[in-house]
Amino acid sequence: MALVRLLARPLLAAPFVFGGFNQLRNSEQFAPAAEPVTNRLAAPLKLPTSDPNVLVKVNGAAMVAGGLLLATGKAPRVSSALLSGLLIPTTLAGQAFWAADDEADKRRHLVGFVTNLGLLGGLLTSAVDTAGKPGLTYRAGMAKDAVGRAAHTGALEARLAAANAQNKLPV
């Protein structure tokens, strides 16, 4: 299982590192396809710019950073969540099969779209994977239960001590 985990994260991260570098190097090529998505997201997300060329570069840099973090096992849950968030607008911009004009483009974009759905599933799985350790929700619940048990035990001990002080208990 350790070997699978050791290999799985770099394999899942590879498309993001490669794609991120590709976006950084060729942002002007991706900007026209990204423009409809960046125009829609810039205002609601209060982005400092709506320039698709700049946003493609920022997206590419974030993908490289998130991919490298995931591949090296540093903050894998956070990096998986980050990459999930980046993958959605990237997929909408780059794999818009519904807007393709000819059948070959439509098919190619549909394959890319479904592939990205698979990547998203892997990222979501990685984002919730605790590597066999209890997650934060479980640990918080256990801590709450422990506090409740300690309070109950303390109350019982206090009643026992009070009863003992009043000599109400047979010796």
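Biologist: Ground rules before we start?

Modeller: Since this is a predicted model, local features need pLDDT of at least 70 and side-chain atom pairs count only at pLDDT 80 or more, while totals for chains, interfaces and linings use all residues. Residues are numbered from 1 along each chain as its sequence is written, and side-chain values use heavy atoms, with hydrogens and water left out.

Biologist: What makes H1 and H2 roughly perpendicular to each other?

Modeller: Helix H1 covers residues 2-25 and helix H2 residues 27-42, and they pack at an angle of about 95° with their axes 6 Å apart. Roughly perpendicular means 65 to 115 degrees (under 35 is roughly parallel, over 145 roughly antiparallel, the rest oblique), so that is what H1 and H2 are. The axes are lines fitted to C-alpha atoms, for helices over the stretch in contact, with angles from 0 to 180 degrees between N-to-C directions. Helices themselves are DSSP runs (H or I, at least four residues), numbered from the N terminus.

Biologist: Which residues make that contact?

Modeller: On the H1 side, Asn22, Gln23, Leu24 and Arg25; on the H2 side, Ser27, Glu28 and Phe30. Contact here means heavy atoms within 4.5 Å. By class, there are two nonpolar, three polar and two charged residues in the contact of H1 with H2. Ala, Val, Leu, Ile, Met, Phe, Trp, Tyr, Cys and Pro count as nonpolar, Asp, Glu, Lys and Arg as charged, and the others, Gly among them, as polar.

Biologist: Why does leucine 12 count as buried?

Modeller: Buried means under 20% relative accessible area (exposed is over 50%, partly exposed in between, with a 1.4 Å probe and protein chains only). Leucine 12 has 15% relative accessibility, so it counts as buried. Leucine 12 sits in helix H1 and, leaving aside its neighbours within four places in sequence, is in contact with Leu70, Leu119, Gly122, Leu123 and Ser126.

Biologist: And lysine 46, why is that one called exposed?

Modeller: Lysine 46 has a relative accessible area of 72%, so it goes down as exposed. Lysine 46 lies in the loop between H2 and H3, and has a positive phi of about 55° although it is not a glycine.

Biologist: What makes alanine 75 partly exposed?

Modeller: Its relative accessible area of 41%, so alanine 75 lands in the partly exposed class. Alanine 75 is in the loop between H3 and H4, with a positive phi of about 50° despite not being a glycine.

Biologist: How do you know which residues line a pocket?

Modeller: Lining residues have an atom within 4 Å of a pocket point. For the largest pocket that gives 32 residues, with Gln23, Asn59, Met63, Pro89 and Thr90 nearest its centre. About 880 Å³ of space lies in the largest pocket.

Biologist: Which helix supplies the largest share of the lining of the largest pocket?

Modeller: H4, with seven residues. By class, the lining of the largest pocket divides into 19 nonpolar, 12 polar and one charged.

Biologist: What about the second largest pocket?

Modeller: The second largest pocket has a volume of about 330 Å³. Of the 16 residues lining the second largest pocket, Val37, Leu92, Ala93, Ala96 and Trp98 are closest to its centre. H2 gives the most to that lining, with five residues.

Definitions and conventions. Helices (H or I, at least four residues) and strands (E, at least two) are DSSP runs, numbered from the N terminus. On a 1 Å grid over the protein atoms alone, a cavity is a set of points where a 1.4 Å probe fits but cannot get out, and a pocket is an open set with protein on both sides within 12 Å along at least five of seven lines; lining residues have an atom within 4 Å of a point. Grid points are joined across faces, edges and corners, and a volume is the space filled by probe spheres set on the points.
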